[in-house]
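This briefing goes through one structure by topic. It begins with how the chains meet and ends with single residues.

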4 protein chains.
Amino acid sequence: MLLKELREEVLEANLELVRRGLVLYTFGNASGVDREQGLVVIKPSGVDYDDLKPEHMVVTDLDGKIVEGTLRPSSDLDTHTLLYREFTEIGAVVHTHSEFATSFAQAGLAIPAFGTTHADYFYGPVPVTAALTDEAISGRYVHETGLAIVERFKGEHPLDPLAVPACLVNGHAPFVWGRTAHDAAHNAVVLEAVAKMAYRTLTLQADVLGVSQALLDRHYFRKHGSAATYGQK
Amino acid sequence: MLLKELREEVLEANLELVRRGLVLYTFGNASGVDREQGLVVIKPSGVDYDDLKPEHMVVTDLDGKIVEGTLRPSSDLDTHTLLYREFTEIGAVVHTHSEFATSFAQAGLAIPAFGTTHADYFYGPVPVTAALTDEAISGRYVHETGLAIVERFKGEHPLDPLAVPACLVNGHAPFVWGRTAHDAAHNAVVLEAVAKMAYRTLTLQADVLGVSQALLDRHYFRKHGSAATYGQK
Amino acid sequence: MLLKELREEVLEANLELVRRGLVLYTFGNASGVDREQGLVVIKPSGVDYDDLKPEHMVVTDLDGKIVEGTLRPSSDLDTHTLLYREFTEIGAVVHTHSEFATSFAQAGLAIPAFGTTHADYFYGPVPVTAALTDEAISGRYVHETGLAIVERFKGEHPLDPLAVPACLVNGHAPFVWGRTAHDAAHNAVVLEAVAKMAYRTLTLQADVLGVSQALLDRHYFRKHGSAATYGQK
Amino acid sequence: MLLKELREEVLEANLELVRRGLVLYTFGNASGVDREQGLVVIKPSGVDYDDLKPEHMVVTDLDGKIVEGTLRPSSDLDTHTLLYREFTEIGAVVHTHSEFATSFAQAGLAIPAFGTTHADYFYGPVPVTAALTDEAISGRYVHETGLAIVERFKGEHPLDPLAVPACLVNGHAPFVWGRTAHDAAHNAVVLEAVAKMAYRTLTLQADVLGVSQALLDRHYFRKHGSAATYGQK
């Protein structure tokens, strides 16, 4: 069996989404990539989380062609593979319909950086894509979903995918990523917590400005980069 | 004992509502229909869920006449039977006072189709009935509740009950259905999740437009109909 | 030991408040009355729920004089005893700081009858008392809290305490009652559910009218009074 | 090993934050001080709560110099030690990013004293600090966070740290304290409950006035000071 360890990591990331209440029934999916072999491991489509085992994971190449596995891969596969091809430093992708992040996506609103919890993980607002055109929706829809994310990160106002490891798809829900499957799931859980607090901040006080650039810098770089001081080494 | 398997499915649907936090105490009820025999299996009224057994289920004909069972059927029986007579393709009905869907019903508002979670299950807004007249309330109230739902689906702006498998009763709460008891309960759980996200979307941004027809089509038909691609086969 | 059975019922009512998430730490209290003996059984003050046993309950007369028990009674005792003296048909009183009902009390707002869930238990809005005067607060405060409730039910716009078995104390929290300790706790749990849905209804749509008198009548009398049809017998 | 008992109390306070849902992953930290020895016991940085043992706690002096322990202390250490030096009567400090209190901090709003639940624990609004200047953020940031709290309590409108045992740091989250580690954690849990109810009170009715001084006095002094009557002795 190919990629034994990555299968286990991807399964574990999928289960973390369930434990943290981010997914309902079979909603949501996580995948991971082995950059050396150019292979992606992804959750199968519509299988109960209780029954999921490492061997159920589907292995594809970076174009989404199935290499190993008897189950159909997650219906969002083409978004995952596009993100792997375009964001070459990421190692895993997670997709959920977690309640609060999805509510921002449905409202077509980015999640503003209102506090240090946000700044610890996301170096600026979590962006929202443009709405997909009817043409994109009727075409290669799942691929186009990925294109909308890529356009948001590589278009007019570029963002570093590792500094802002999440994007809301307009009218849909968040995609989140990270260097590892563990990190991607962790980021998805924190995104939901941050979205929840942003929702309450906005409904308390509609005109909050959000954290200063100085606070954003201080918190983000406390946890990330070569000068990080958080945690045990 | 009549309809052994359907009793078990209906019991299981009732318990799913409890597990998912959709009912409090003895609120809520689920039923299923055997179309060949013309018999309905429904939860008894006001019995603790912990004590419910398949043999407690009450069996009636399509007019609500009790055929088997010593307990009194759910007080909402006449709404269930009317829906079975009028919506001939459905196999089960669920009624809950789940918090967010009920809040929309109390506000007299349909649940708009704000995102793909909604579109995966409901092909357009989940409608709300007209308020019942005083005459209807003082008359055959439970039957009239069913009539208000039917009027909403077969009246001036007709809807396909299988494409939009739920309706909010104005000032009351949702009724939800499906081809099987499992599906009806599943739809009720998703309806509550969708209502929760619609509530937060609206309180974030009062003037959201909701998903386009193209997105509604894409998501709904990804999970339903002959061209469905979601899940394993 | 006096009143063995009532002690157990009162303990059980206190524990039901914990199980349903209505109390935090030692907040909240339930009591019951034995009308024949003129004795009240009440939770002791500030004891952990995990440690509560029937023998810890304090027994007082209807004026709050301790008859049996070595622990200090709940600090809200004088409100309970006043309610027993004034509302002669009730058998138990419950006080919680449950989140949503307390939020209405803090806003100085009655909980409107927005739907049938409400109407099944409360025959009209759940009222809020006038704010206590500084004099009342500095005087026999706990007794005055009871007086404010009684004034709301027996004053200018009288209400039947059994038809509306709850009152919000302005700037404080709800007091709830019933014929038995079981019923009082049950009503407190439903009050919180009803408050939660009223909150969401109001924040969705500020100008909802609420249920009609006809719907209020239909639902309330379906569960209460000689013509009740809900449940088994 | 130094301070065996205090280590256990501090660990227990940390775990209480987890049990009550106030922290996510490794967010949050609690510490305690031994005034006689001038030593502080604090949670290590970024260690899973499941793995925490008393011996993992880090011991520092009141200037934050490590005296015992092989792990790196919580990154918020300098805020804790400053509070111990400035608020000489407190025995423990807790920091969380609990959802509702943090939402107020992000909105830059104090938590108003809307009801008796609040008044039982906090003698007046829970204040929010001024926003930190860019200079403070780029300088000794964690120390400056403490200074902002101290400025709020000892500046133009002084407050008694034991009468109002919490402060929101603007754009960040709450710091909470008490005479013991148990009390500090308890206060943090109640703060979150109070923040939740204040949020709902404000979103129901934006112009609530809050409790009167008389009610604030009555409730606060019922639980605190020499005339306290709540609980057993």
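**Chain contacts and selected residues**

In this predicted model, about 2900 Å² is buried between chain A and chain D, and carbon and sulfur atoms account for 55% of that area. On the chain A side, the residues that lose the most area to chain D are Arg200(A), Leu204(A) and Gln232(A), which together make up 22% of what that side buries. The contact draws 35 residues from chain A and 32 residues from chain D.

- One of the salt bridges pairs Arg200(A) with Glu99(D), with the closest N and O atoms 2.8 Å apart.
- Arg200(A) is also among the residues of chain A that lose the most area to chain D.
- Residue pairs in polar contact between chain A and chain D number 11, counting pairs with both residues at pLDDT 80 or more.
- On the side of chain A that touches chain D, two or more residues come from each of helix 4 (116-121), helix 7 (181-204) and helix 8 (213-223) of chain A.
- Helix 7 of chain A gives the largest share of that side, 12 residues.

**Arrangement of the copies**

- Chain A is superposed on chain D by a rotation of 90° with 0.0 Å of shift along the axis, at an RMSD of 0.0 Å.
- These two copies are therefore related as by a four-fold rotation axis.
- Thr203(A) is the residue of chain A that comes closest to the rotation axis, its C-alpha lying 5.2 Å away.
- The copies meet through different surfaces, because only 6% of the interface residues of chain A are also interface residues in chain D.
- Chain A does not touch chain C, and their nearest C-alpha atoms are 10 Å apart.
- Chain B does not touch chain D, and the nearest C-alpha atoms of that pair are 10 Å apart.

**Arg200 in chain C**

- Arg200(C) lies in helix 7 (residues 181-204) of chain C.
- Is Arg200(C) buried or exposed? Its relative accessibility is 8%, so Arg200(C) counts as buried, the limit being under 20%.
- Beyond its neighbours within four places in sequence, Arg200(C) is in contact with Glu99(B), Phe100(B), Ser103(B), Tyr199(B) and Phe100(C).
- The side chains of Arg200(C) and Glu99(B) are joined by a polar contact of 2.8 Å.
- Ala113(C) is 87 residues from Arg200(C) in sequence, and the two are 13 Å apart in space, C-alpha to C-alpha.

**Backbone angles in chain B**

- Most residues other than glycine have a negative phi.
- Leu3(B) is not a glycine, yet has a positive phi of about 60°.
- Leu3(B) sits in the segment before helix 1 (4-19) of chain B and, at 12% relative accessibility, counts as buried.
- Tyr25(B), also not a glycine, has a positive phi of about 50°.
- The position of Tyr25(B) is in the loop between helix 1 and strand 1 (29-34) of chain B.
- Tyr25(B) is buried, with a relative accessible area of 17%.

**Cysteines**

- How many disulfides does the structure hold over all chains? The count is 0.
- Cys167(C) has 0% relative accessibility and counts as buried.
- Cys167(D) likewise counts as buried, at 0% relative accessibility.

How values were computed. Residues numbered from 1 in each chain as written. Chains lettered and ligands numbered in written order. Predicted model: local features only at pLDDT ≥ 70, side-chain atom pairs only at ≥ 80, totals over all residues. Heavy atoms only, no water. Least-squares fit on C-alpha atoms with pLDDT ≥ 70 in both. Contact = heavy atoms within 4.5 Å. Disulfide = S-S within 2.5 Å. Buried < 20%, exposed > 50% of the residue type's maximum accessible area, 1.4 Å probe, protein only. Buried area = accessible area lost by both parts, 1.4 Å probe. Salt bridge = Lys/Arg side-chain N within 4 Å of Asp/Glu carboxyl O. Polar contact = N/O pair within 3.5 Å; in protein donor to acceptor, adjacent residues only side chain to side chain. Helix = DSSP H or I, 4+ residues; strand = E, 2+ residues; numbered from the N terminus.
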